[in-house]
Amino acid sequence: MGFLDKEFNDGNIVITTAEDIMNWARLSSLWQVSFGLACCAIEMMATSASHYDFDRFGVIPRPSPRQADIIIISGTVTLKMATRIKRLYEQMPEPKYIISMGSCANCGGPYWEHGYHVLKGIDRVIPVDVYVPGCPPRPEALLEGLLKLQEKIRNESMIKKSA
Amino acid sequence: MKKAEEIFQLLKDNFPDQNLELKTDQPTEPVILIAPDEIEKISLFLYKNTELLFDSLVLLSGVDEVKANLISVYYHIESTSLKHKIVLKVSTDRNNPEVVSVTSVWKGADWHEREAYDMFGIKFTNHPDLRRILMPYDWEAGYPLRKDYENPEFYQGMKVPY
């Protein structure tokens, strides 16, 4: 954000572009669907708890997809669950973002060959913004994934569709 | 506490017309082989008999014995008061596996039998609610733990293989 403090220091005015303020608002309060799948969800909960404190980046769990901005796919996605995840995703309002957390959600993980019940990557069902590798990823890795997502949102354009 | 041989002898004395067999050469625990239609009757006896009191079904699992063209069900049972345990085995035809349910004896068999049905396609007659338990209800590709199982290419438009 750029602001000219010399000229407007009495009126307490900040000058920015509409795009920047929108992006800043969006990336600073990413409410996540409170939704966990497998062991990655334990790490996700640890990230939310006081030691790693997801809340300092504006991420709080929201127990309704209709009022959430991001969904963290934290764990093994079975074919049975994939249909439900798709439905959750479709219930979320735009703009919506997805973090795929851990090897299972990224590509099937250890179930890649003999897992008859596992979807080999959540990106076969819904579009993923950030992939966080690890099995499971440490909370630091998830935090970095979130920072990457914030970076992506910061560079979004209101007129151009982001890639 | 009774040994496997004593338990087997008790069964033989009470079911003289049954074709029972005790196998002690197993690397694990001794196994008693039972016919698939008689398992419920014999289970009830094992449960009720005051010298046996098998009140706990520890585990029920299916096994696909593809070379013998059989599908088997193993019942690991234990008496929590008398502290003895035994394994029962039932073998049935692989093309049409049917076993009588033991849910009337041990209530906990319900979900175990549903899992065996889900994974091996074993039909448990007299089961109160025989549906798939882990796989989706509309799964049509067969029973995943059978040795000749092949995963489908797609499920509800989602690609299944890697």
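Author: Let's start at Asp53(A), which sits in the loop of chain A between H3 and strand E2 (61-62); helices (H or I, at least four residues) and strands (E, at least two) are DSSP runs numbered from the N terminus. The model is predicted, so local features need pLDDT of at least 70 and side-chain atom pairs need 80 or more, while totals for chains, interfaces and linings use all residues. Residues are numbered from 1 along each chain as its sequence is written, chains are lettered from A and ligands numbered from 1 in written order, and side-chain values use heavy atoms, without hydrogens or water.

Back to our residue. Phi of Asp53(A) is near 55°, a positive value although this residue is not a glycine. Most residues other than glycine have a negative phi, and most peptide bonds are trans. Chain A has some cis bonds to show you too. The bond from Glu94(A) to Pro95(A) is cis, with omega near -10°, and Pro95(A) belongs to the loop between helix H4 (79-91) and strand E4 (97-101) of chain A. Cys135(A) and Pro136(A) are also joined by a cis peptide bond, here with omega about -15°. Pro136(A) lies in the loop between E5 and H6 of chain A.

Cys135(A) and Pro136(A) are among the residues lining the largest cavity, together with Cys39(A), Cys40(A), Gly102(A), Ser103(A), Cys104(A) and Gly134(A). A cavity, on a 1 Å grid over the protein atoms alone, is a set of points where a 1.4 Å probe fits but cannot get out, and its lining residues have an atom within 4 Å of a point. Helix H3 (39-48) and helix H5 (102-107) of chain A are the elements that give two or more residues to this lining. H5(A) gives the most, with three residues. By class, the lining has five nonpolar residues, three polar and no charged ones (nonpolar: Ala, Val, Leu, Ile, Met, Phe, Trp, Tyr, Cys and Pro; charged: Asp, Glu, Lys and Arg; polar: the others, Gly among them). The space inside the largest cavity is about 40 Å³, and a search of the whole structure finds one cavity of 30 Å³ or more.

H5 and H6 meet us again in a charged pair. Lys152(A) forms a salt bridge with Asp129(A), and their closest N and O atoms are 2.8 Å apart (a side-chain nitrogen of Lys or Arg within 4 Å of a carboxyl oxygen of Asp or Glu). Because Lys152(A) is in helix H6 (residues 139-154) of chain A and Asp129(A) is in the loop between H5 and strand E5 (130-132) of chain A, the pair ties together parts 23 residues apart in sequence. Over all chains, the search finds ten salt bridges.

Now step back to the whole of chain A, which has six helices and five strands. Along the sequence they follow the pattern α-α-β-α-β-β-α-β-α-β-α.

Where they meet, chain B brings 17 residues and chain A 14 residues into contact, meaning heavy atoms within 4.5 Å. About 1200 Å² is buried between them, 68% of it from carbon and sulfur atoms (the accessible area, with a 1.4 Å probe, lost on being put together, summed over both). On the chain B side, Met158(B), Val160(B) and Tyr162(B) lose the most area, together 45% of what that side buries. The side of chain B that touches chain A has 14 nonpolar, two polar and one charged residues, and zero salt bridges are found across this interface.

How values were computed:
On a 1 Å grid over the protein atoms alone, a cavity is a set of points where a 1.4 Å probe fits but cannot get out, and a pocket is an open set with protein on both sides within 12 Å along at least five of seven lines; lining residues have an atom within 4 Å of a point. Grid points are joined across faces, edges and corners, and a volume is the space filled by probe spheres set on the points. Buried area is the accessible area (1.4 Å probe) that two parts lose on being put together, summed over both.
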